[in-house]
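This report describes the contact between two protein chains and then the fold of one of them. The sequence and structure are shown first.

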Amino acid sequence: MEYSTPSPINHQPSTVWAALAQIPDPEIPVVSITDMGMVRDVTVGDAGRVTVTFTPTFSGCPALHVIRDSIEQAVRDLGVTDVEVRSTLTPPWTTDWINDDARERLRQYGIAPPAPTGEGQLIQLDAEPTRCPRCGSLNVRMTASFGPTLCKRMYVCDTCREPFEGFKSV
Amino acid sequence: MTTGIQALTDTQTQALLLKLTVLADDEIILAHRDGEWTGHAPILEEDIALANIAQDELGHAGLYLSLAQTLGGSDPDRVAFWRGPDDYRNTRLVELPKGDWAFTMVRQFLYDTAEALWLEAATRSTYAPLAEIAAKAVREEKFHVQHTALWVERLALGTPESERRTQAALTELWPHAAQLFQPVEGEDELTAAGILPDLNAVHARWTDLITRHLVDKCGLTLPDAPTTQPGRDTHTHHLAPLLEEMQSVARQHPDAEVW
């Protein structure tokens, strides 16, 4: 296998992080995979090998292989030839890792951001309080506890009458 | 305190492989039954909900089978798509035909609560890879329990017809539910080592939880439990046609790499 001469600037973890920050979440393109807290670690080895560790959001998420391929491609696009993409389950992904900026973009996109998780009971029949992303009202009803993707639920706002999606608090 | 892969003895490895297969088989078969509602559920939202639930259960099966592979098991796709009914080790509870909506929701409730409680206990496994899987999966299972518990309540306390169907479903499913708590060969040793949860303790918590919900809250009657249970290698005649359908694409295209 032939290796191109690595350019030193492409081999800083910060450069890799910046590249990964450009990868949109395949199901919610308004946020990136780093906004979502899915990238857990970036290391650059002595021989120039870049290892990216990411954690899946939901274990059955159909976008996982797309994310994995996108990470590998984004690093290769920096001129890195030796890339390893690892996945980890520990610690398990939580919506608490979604950064504030991304929460605001989710809201503007019409998706209610997740409430803080806390360590609630396992068997909890009431869903967390959710605010309408359009008018800010808490006078909302959940209309379906599973939405178009594993991470969302469906709501309707009784104040402004708009239906909306809400991020599950995980 | 956690132990690594190297800490397992050969006997423990074999027992754990079997347990992981048993867990995955239940998830795969139930996911298939849930998937049969796609396009047929009473309302669109439930169509989507069951597809979501099925997707989660398959995700859990994927986690179990990937761990099994690191312990010397086969490729997860081969395990799922190239074993026949004689080799599957799922419970009869999950293989029964999907029935009506009440049947589907009662089964899912019995299963989800058992899975959630088992996973919660398994987060304390001394075997780190299993504890990690449990910590991941239990967060997802929580949503299943919330959803199906509400449906069972809604049906049981709904109309006389929905109550009748819910009770009929419970009566039919009940004899099979205890099989979820049947230990695999060698499970005792794994439990003693703290690798697997104490199945009897999980069973007791499950009985308490479902009694409070089904009997106290929903007014349903639990039938007498059967005194004996056939093993997980004994299936009803419903499993073979299910597998035939589920595996048809894989078997028609054995060399396919991307599905």
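A salt bridge is counted here when a side-chain nitrogen of Lys or Arg lies within 4 Å of a carboxyl oxygen of Asp or Glu. By that criterion, the count between chain B and chain A is zero salt bridges. The model is a predicted one.

**The interface**

Although no salt bridge is counted between chain B and chain A, the rule for polar contacts finds nine residue pairs across their interface, both residues being at pLDDT 80 or more. On the side of chain B that touches chain A, the elements giving two or more residues are α2 (44–70), α5 (101–122), α6 (128–156) and α9 (199–217) of chain B. The largest share comes from α6(B), with 14 residues. Sorted by class, this side of chain B holds 13 nonpolar, seven polar and nine charged residues.

In total, 29 residues of chain B are in contact with 30 residues of chain A. The two chains bury about 2500 Å² between them, and 63% of this area is on carbon and sulfur atoms. Three residues, K136(B), R139(B) and F143(B), supply 28% of the area that chain B buries against chain A, more than any other three residues.

**The sheet of chain A and its helices**

Chain A contains an open sheet of three strands in the order β1-β2-β3, with mixed pairing. Strands β1 (39–44) and β3 (83–87) of chain A stand at the edges with a single partner strand each, so one side of each is left without a neighbour in the sheet. From one strand to the next, the twist averages 15 degrees.

Strand β2 (residues 50–54) of chain A runs parallel to β3(A), and five bridges join the two. Within β3(A), V85(A) is the residue that stands opposite V52(A).

| Helix of chain A | Strands of chain A it lies across | Angle |
|---|---|---|
| α1 (residues 13–20) | β1 and β2 | about 140 degrees to β1(A) |
| α2 (residues 64–76) | β2 and β3 | about 150 degrees to β3(A) |

**Salt bridges within the model**

Over all chains, the count comes to 19 salt bridges. One of the salt bridges joins the side chains of R105(A) and D35(A), at 3.1 Å from N to O. This pair links distant parts of the chain, 70 residues apart: R105(A) belongs to helix α3 (residues 100–109) of chain A, and D35(A) to the loop between α1 and β1 of chain A.

Note on methods:
Residues numbered from 1 in each chain as written. Chains lettered and ligands numbered in written order. Heavy atoms only, no water. Contact = heavy atoms within 4.5 Å. Buried area = accessible area lost by both parts, 1.4 Å probe. Polar contact = N/O pair within 3.5 Å; in protein donor to acceptor, adjacent residues only side chain to side chain. Helix = DSSP H or I, 4+ residues; strand = E, 2+ residues; numbered from the N terminus. Nonpolar A, V, L, I, M, F, W, Y, C, P; charged D, E, K, R; others polar. Pairing = 2+ DSSP bridges. Axes fitted to C-alpha atoms, helices over the stretch in contact; angles between N-to-C directions.
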